[in-house]
Amino acid sequence: MTGPVGPPRRKDPTRRTRLPVTPPGNRSREAHGLAAMAAAGRFALQCCRRCGHVHYPPRQLCERCLDGELEWRDVADGGRVLAETTVRHANDLYFRERLPWKLGLVGSDAGPSIVAHLAEGCERGRRVRLALHLDRAGNAVVAASPERDASRDDPRLREMVFDPRGRRVLVVDGTTGLGRHLVEAFLASGAREVFAGFSRPWNRSPDLAALRGREGVSVYPLDVTDTDAVEKLAALIGDKVEILVNNSSHVRMGGALDRLDFNITRQEMEIHYHGLLRLAGYFGPVMRARGADGPYGAVAWVNMFSAWSLVNNPELGTYSASQAAALSLSHCMRAELAAGGVRVVNVFAGPLDDEWHQLVPPPKLDPATVAARVVRGLERGLEDIAVGAVAEEIAHRLAENPKEIERSIRL
Amino acid sequence: MDSRTGEAGILARLLEGLLSGRIRIVDLTVTLDQRTPTIVLPPELGQTWPFRIEEISRYDRRGPATYWNNFSCGEHTGTHFDAPVHWISGRDLPDNTTDTIPPAKFLATAAVIDCSRDARADPDYLLTVDRVEEWEGIHGPIPPRSWLLMRTDWSLRTDPEAFLNMGDEGANTPGPHPDLIPWLISERDVIGFGSEAVGTDAGQAPHFPIPFPCHHHMHGNNRFGLPGLCNLDQLPPHGTLLITAPLKIRQGSGSPLRALALVEEQADD
Amino acid sequence: MSGTRPPGGTAPRTGYDGVAVCAPVTVPYRRYSIRSAHWFCGQALAGLLARAGIGKDEVDGFCVSSFTLEPDSAVGLMQHLGVSPRWLDHVPMGGASGAVALRRAARAVQAGDAEIVACIGADTNHVDSFRRTIATFSQFANDAVYPYGSGGPNASFAFLTDHYMHSHGAEREDFGRLCIAQRRNAAALPHAMLRRPLTMEAYLTARLIADPLRLFDCVMPCAGAEAFLVMSTERARALDLPHAAILSTMERHNAFPDDPIQVRGGWAREVDSFYDMAGLGPGDMDLVQAYDDYPVICFMQLEDLGFCARGEAPALVRERDLTTAGDFPFNTCGGQLSAGQAGAAGGFLGLVETLRQLTDEVLGTAVEGARHGLVSCFGMITYDRGLCSSAAILGRSGA
């Protein structure tokens, strides 16, 4: 795996598809703390609460003062390569198929020496930038890139991010404002093709008309409440989808007590929960099987969630609940897709500035901003992406005191 | 056979007609599937469920000997029956729900007026009293307690998008003129109005002085609606017997049904 | 990184007077085996009993080192072997276990806690056991090395080698000289994995494993056992066993944790007291055995133990003859690089070989007139460096 990956090519039908295997996935509980940091794109290491000493690899107590409380803090992400090697022999199946593989021992500015994957251009003695990434097994690893001009086509880094470049992307609902911007953002990121679904053919959306004429975009009917439609589309393009973005959404105001309408709640569940389940059932298996199908194989499943999936906003109470159901399902999918090296990316967005959030006070998110953040997050390999002040605040408050936010969240 | 005399009765003669082919059955029903269009309303209103179907088992581990499905849909999906209670104007009438309508009302004759050329020329075509009177001048009057079926060939639009034909100001589909329905009730005593579009009213009917006049007047007078029909081109102007029994849903406002037409072939001799 | 040492043990150390090491036993190595580690331990014990002419019950102490006894430890092994020792130790220090086992056993004998201690390093090698061993080697390795594809210590030693070469201007040929000399020493060892002479060209052009390491820089995993007995000198004499004296030992773990990359081991911290105890210096050693899973670590041991200055090991191997017939006999049975690495037995190899040389029980080629031998052991790369350093100086009995 040296030298940049070439452009995507059509598949040679006579060759056996490379079966997905994943890097060694056995990690300690402490090490999974790194995954939480990697998921959010942070470069954080364990620091002693008492003496501040920075630790790596993860552990449970301070090696300097033996204090038992270490906390994750963002630390300087610079470093220098102390030594490097190119591994040309590996017993592990994942690496065997990807040799040669460059590794380095990096003296980090934060303190510890760190064994890291080396991107091209990271030679001994050079300054590098360290980042936590999720590997194909979904576990955190450290990768070093050149301080400047890191290439998106670096084959080792591509294994750790979900770069849309050269890949084919399904945007489940391409006709919403967000969907349209997602399509454009993926095209701008270099996606090879975007499949855009639309759920209501009679809906005279100008977005649909524009999509139909957009180069690089194919438009397909796709109603996630319709098992048959999902199955048929999966049969048509399922083996070409390398990134799937489920942005189907059904926003309605209302809580549990004062709006006894199961049509709305059923529709919420049909779209958010069963819709995701239908997509998972028909698109998931082939994506999982194509997780190692060359440098442009299936790589990520993106779920667009509301930040209120994390904590219920009673003014959109049943909506929040159906989002939470889907969020839980995404964790199941994450475990199942991991076998193929396909990662589940959950995006938590605050309210969009669209027709379904008319009564929601600002800040509201421009769909273009959300789309850009999603694509940027995929390029960086993030697993949890909080977009917007509302989502970020919810994440922070939840981490701090879930009871507080549970009691006080309102529009 | 007459149960007392043993002579061939009406039903036997009907059966003989069916077996001999002198009476033809025309199926006026569209096939229900997931693409069956349902009426498009402003999204903030309550919505009808589209037709959805999930397999329970198909001779597999879920049921080795059995194939069957669960399905769900709104009462007003596909070819369906509108009961008077469907509209607020018919809310307080007696026997106005699918379970209380006297079953005799599910058999009735039908007059079929061909508006296919008009609808082809103008998707917003409205059937007027004048047009009906002109038709009666040729074919004879609509008999009392008969259905009036408006043939537009709209059912040939199998693509949901073309079928619903949504525009900026709503759907553009043919239907009855606002003046026609009161006239049909008071002057012709029809049992109901049937059409090939997604509803009995025209696509632009929400904008009429009395919105949805067909629903308003028909149901307000305890009459019925029969939208989503097909194969009306196979029916003669007069002489059709319609069988239109909805599912017996308690307090039901309507239901998908199998609409069958019995047509007597003209004797060649 | 200068020569300053943190204050180590300064109290005067008691010597190992009256303690004898004897009965070097090797269970011949094989590349793969369907036998278990228990079997190799048992074969080693049988060899020890046969060599000493004693019964099983006379061994009342055991010190065991093995990676592949799992799920057993030395405890379960006792039931397998049908023995009832009154003193038992398990030394999980891999490559450093030989000298550590020796010093533990010697103190037990000296104190009268045990009379005869069998020290055994043994491992089996099933087709997949090396991969399994490294896949679960340590928490840090699991979390921060193994997932990077290095597949065990190759990458770690590639880093150390790369850094050493760059820091000190060492050439590939310098490591080659060491490997070639060791291979020559192995020529007469019947069970060595690699006995055919190694040419510099073959060394330099061998298959790359992890740059700059090539095939002959890496040990070959195999199955086998090494063992010896520790008892009182009196007892050894009574049994008519040739034996050696223990002149000094040391161990040090996780030395220099603040070095960003390993450039030295625990030897550097202990070296003065180590030689003081023996009353000898590096120049008094007639032969040296150093742990050699990769040649760079030999260089570090030679430097840390005072055979040359830091960074001068390349010059040493250029100027000296490391063969048994040479002026600097080094890894005289060929070391692990030729004999193979039988897991934890690799940590015993240098000690057993030194004992053979000093008791004239050599399997390969003897070093003429050898009186003092230094054994250096190194083990357990749990993350980016080897944590365990140990060493011993043995002397010919009566020397």
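Which residues does C:Glu353 touch, not counting residues up to four places away in sequence? They are C:Gln289, C:Thr332 and C:Cys333, where touching, or being in contact, means that the C-beta atoms of two residues, placed from the backbone, lie within 7 Å. Let us keep that residue in mind and walk through the structure until we come back to it.

A word on what you are looking at: this is a predicted model, in which local features need pLDDT of at least 70 and side-chain atom pairs count only at pLDDT 80 or more, while totals for chains, interfaces and linings use all residues. Residues are numbered from 1 along each chain as its sequence is written, and chains are lettered from A and ligands numbered from 1 in the order in which they are written.

Start with chain A. Its secondary structure comes to 11 helices and 15 strands; helices (H or I, at least four residues) and strands (E, at least two) are DSSP runs, numbered from the N terminus. The radius of gyration of chain A is 22 Å, close to the 22 Å that the globule rule gives for 411 residues, so chain A is as compact as a globular protein of that length. That radius is taken over C-alpha atoms, and the rule is 2.2 Å times the number of residues to the power 0.38. Taken along the principal axes, the C-alpha atoms of chain A fill a box of roughly 60 × 60 × 30 Å. Of its 411 residues, 51% count as buried. A residue is buried if 20 or more other C-beta atoms lie within 10 Å of its own, exposed if 12 or fewer, and partly exposed in between, with C-beta atoms placed from the backbone.

Chain A can also be divided up. Its domain assignment gives domain 1 (32-158) and domain 2 (168-408), with bounds that come from an automatic or database domain assignment. The C-alpha centres of these two domains of chain A lie 31 Å apart. Where they meet, 10 residues of domain 1 are in contact with 10 residues of domain 2. On the domain 1 side, the elements that give two or more residues are strand E7 (127-134) and helix H3 (155-158) of chain A. That side divides into five nonpolar, three polar and two charged residues. Here Ala, Val, Leu, Ile, Met, Phe, Trp, Tyr, Cys and Pro count as nonpolar, Asp, Glu, Lys and Arg as charged, and the others, Gly among them, as polar.

Now see how the chains meet. Two pairs of chains touch, and the most contacts are between chains A and C. There, 31 residues of chain A are in contact with 29 residues of chain C. Strand E4 (78-87), strand E5 (101-108) and strand E6 (113-118) of chain A are the elements that give two or more residues to the chain A side, and E4(A) gives the largest share, six residues. By class, this side holds 15 nonpolar, 10 polar and six charged residues.

Chain A meets chain B as well: nine residues of chain A are in contact with 12 residues of chain B. Helix H6 (residues 227-237) of chain A provides the largest share of the chain A side, three residues. That side has three nonpolar, three polar and three charged residues. Chain B and chain C, however, have no contact joining them, and their closest C-alpha atoms lie 39 Å apart.

Chain C is our last stop. It has 14 helices and 11 strands. The radius of gyration of chain C is 19 Å, close to the 21 Å that the globule rule gives for 399 residues, so chain C is as compact as a globular protein of that length. Its C-alpha trace spans about 55 × 45 × 40 Å along its principal axes, and 62% of its 399 residues count as buried.

Look next at two helices that pack together. The axes of helix H3 (residues 97-111) and helix H14 (residues 346-359) of chain C come within 6 Å and cross at roughly 65 degrees. Axes are lines fitted to C-alpha atoms, for helices over the stretch in contact, and angles run from 0 to 180 degrees between N-to-C directions. H3(C) and H14(C) are therefore roughly perpendicular to each other; angles under 35 degrees count as roughly parallel, over 145 as roughly antiparallel, 65 to 115 as roughly perpendicular and the rest as oblique. In this contact, C:Ser97, C:Gly98, C:Ala99 and C:Leu102 in H3(C) meet C:Gly347, C:Phe348, C:Gly350 and C:Leu351 in H14(C).

This brings us back to C:Glu353, which lies in helix H14 of chain C. With 29 C-beta neighbours inside 10 Å, C:Glu353 counts as buried.
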